[in-house]
Amino acid sequence: MISAKGLSVAYDKKNVVSNFTMDIKEGEIVSIIGPNGSGKSTLLKVISRLMNASNGVTYLEGNDVHRLPTKEVAKKLAILGQHNHSPSDCTVRDLVAYGRVPHKQWYEFSNYDDNSIVDWAISVTGLQEFEHRCVTTLSGGERQRAWVAMALAQKTKVLILDEPTTYLDVSHQLEVMELLKKINEEYKMTIIMVLHDLNQASKYSDRMYVINKGKLVMQGCPSEVITKKMLRDVYKIDAHISADQVSGKPLFFPLGLLKNKDTKEMKSKIV
Amino acid sequence: MQSQSAKYAQFAVRKRLAKRIGIFIAEISLLVILAVISLRFGSVRFSTGEIINALIDGSDSTIRTIVVNIRMPRTALAILVGASLATSGALLQAVLRNPLASPGLIGVIAGASLSAITIMLLFPALTVLVPFIAFIGGLVSTLLVFTLAWKKGMSIIRIILAGVAVNAMLGGGTSLLSVLYSDRIQGVIMWLNGTLAGKSWDQVKLLLPYVAVGLLVAVLSVNVANSLQLGDEAAKNLGVRLNLARIVLCSTAAFLTGISVAVVGIIGFVGLIVPHVSRLLVGSDYRFMLPSSAILGAVLLVSADIVARTVFSPIELPVGVIMAVLGGPFFLYLLRKVRGYGH
C-alpha cells in the first residue's frame, strides 16, 4: 500500500530523518512511536506529500507520491495533522463536506452522492446530534471525531494521523482509538499514526515502528517492540512489562528514569 | 428521538439557508435603491419619474444627457470598483488567513500610488497615461512582494512581512515626492484619495472586461478559498496545490485592485472592511461570502459617492475620505453587536 525507501529529510542541512525505510500493507494499523523530536511527525508529513524529502522515495500503490497529482493523492490518502482549526461558524456538516473537495472539479457543486457520503461519515463517527453545531463549540474529543469524519468523507484507502489522542482525556482517547479500530475493521482502511501513549499503540496496532533521532530503531508486532531493552535504549526509562490478559499484547508500567550512571553503563555495554 | 433530532437538523439547515438568501435579497435591493438615488441626486435633483420619462421617450434632453452621460457611468463605475476592491480583499483574507489582509498589504496600492504621483508631479505632460502607468506600477510592486516572499514556496508570514516592507519603501518615495513638489501637490490630492468625478463611459468600457474576468476567476475559486481557511496542511490534504492557489488568488486580487486604482485613484478601506461585514452577515463560507462581499463593496462605494458629491455640493469630496468616515463607525458597530466575532 505505502512504502518508503531510504527517506531522508534535512532542515538546514541537519538530518531530521535519515535513511528511513518502511513498508505498510493494505488494511494494517501501524503506529510510529519515538521520543519528542525524533522525527515522527516529519516522517508522516513526507509520506503524505505535505513535505518534500531530501532523499528517498515514498510509494503509494506503487507510484511516487510526490509525482502523483496532489488531487489524486487526496483521493487515496487522507492526513489529519496535530493542530486543526476551522472558521468559527463552520458546522460539523460543513467541515465534513470539505472532505468531498478532492472529488470535485472547480465548477462542480455537491450532489446527492456527496451528501450521502457526508451522512455516512457523520454516522460512522457518531456525530449525528452535533451535525449542525459549530466545530469550535465542541469538546476536544468530538472535534477530533469531526476531523476524522472529514477525512472519511474523502473516501481514501489510507488514513494518516498525527497524535490523534493528544490533549484528550482518557475516555475520549479511547473513543477515538475505538473509532479508528472500527474504521479499520469495517471499511478496511489502512491506518498509520504517530502515538505517544505506548500502551494504546500496543493495544491497537498490528505493527509498530520505533524511530529515534531520525533513524529506524526497530519494527515489528507490539510484543516484539515493547521490550525493556527498547524502553531503555530509546526512552531512557526503566519499566515493568506484562501482558494484557485479554489480548495478550504487552503493557508497560514505567518505574522511573534511568540514572545517568545506568545510561553510561548501558552505552559502554553496547560499545 | 432520532427522527426528532433529524427534523430539528433539517430545520436548522433550512433556517440558515433562508437567512443567507434573505440577506442576499436585501443586499441586492439595497444596491438597486442606491443606484436609483445615485442617478437622482447631484447638483440638480430629478425625480424617479422624470428620469424614467427622459429615458423612455427622450422628452427632456437635458435630463437625459445628465443622467445617461454623467450619472450612469459614474454609478456603474462605483459598482465595478466597489465590487472589485471588496472581492480582492476577500480573496487576500482567504490566502493570508489574516483579518488585517487587504489589497493594500501586497504592495499593489503603494506601487500604483508612487508611479501615478511620479507621472503627475514630474511629467505632468504625460498625465493621460496615469491609469496605464499606475496599473503597471501596482503589478510590478506586487511582483516584487511575491519575489521577496518566495523561498522554496510562499509562506504567508513572508508575504505579509515583504508586503509591509515594500509598502514602507514605496510610501517613503510617495511622501518624498509630495514634499519636494509641494507646490504641485494640489492636483494630486483628489487622485490620492480616490474620486469618481468626471468619469465617463470610456472608463466603464475600459474597466468592464477586466473586472468581469477577475470576478469570474474569484467566483470559480470559492472551493479553494474555503479549503485554505482550514490551514495549509488541511488544504494540501484536500488536494489544493498551495503555491499555485496562492499565486492565482493573490494575482487576481492584485489585478482587480490595480485596475480599479488605475481608473479612480486610491480607495482603501473597502477591501479591508467589506469582507468582514460580509462574513458577519452570511458567515465564512466563500460560496456565500464572496458574492456578498462584491455586492456590499458596490453598495458601500455607491453610497459613499452619493455623499461625496451632495453634502458640500458643489464642492466634491474625495470618495475615499467619505468611506473611511462613514464606514469605520458602521464596522465598529457591527463588531460590537455581533457576538462571537473575532474569536
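User: Which residues of helix 12 of chain B does helix 3 of chain B meet?
Analyst: This is a predicted model, where local features need pLDDT of at least 70, side-chain atom pairs count only at pLDDT 80 or more, and totals for chains, interfaces and linings use all residues. Residues are numbered from 1 along each chain as its sequence is written, chains are lettered from A in the order in which they are written, and side-chain values use heavy atoms, with hydrogens and water left out. Helices (H or I, at least four residues) and strands (E, at least two) are DSSP runs numbered from the N terminus, and contact means heavy atoms within 4.5 Å. From helix 3 of chain B come Gly82(B), Leu85(B), Ala86(B), Gly89(B), Ala90(B) and Gln93(B), and they meet Val270(B), Gly271(B), Leu272(B), Val274(B), Pro275(B), His276(B) and Arg279(B).

User: How much area is buried between chain A and chain B?
Analyst: Buried area is the accessible area (1.4 Å probe) that two parts lose on being put together, summed over both. The contact takes 29 residues from chain A and 25 residues from chain B. Leu50(A), Tyr98(A) and His132(A) supply 24% of the area that chain A buries here, more than any other three residues. Carbon and sulfur atoms give 56% of the total, which is about 2300 Å².

User: Which residue of chain B forms a salt bridge with Asp94(A)?
Analyst: A salt bridge is a side-chain nitrogen of Lys or Arg within 4 Å of a carboxyl oxygen of Asp or Glu. The rule finds 2 across the interface of chain A and chain B. For Asp94(A), the closest N and O atoms are 2.9 Å apart, and the partner is Arg16(B).

User: How far apart are the closest N and O atoms of Lys75(A) and Glu72(A)?
Analyst: Over all chains, the structure holds 19 salt bridges. Lys75(A) and Glu72(A) are 3 residues apart in helix 2 of chain A, so about one helical turn separates them. They form a salt bridge with their closest N and O atoms at 3.5 Å.
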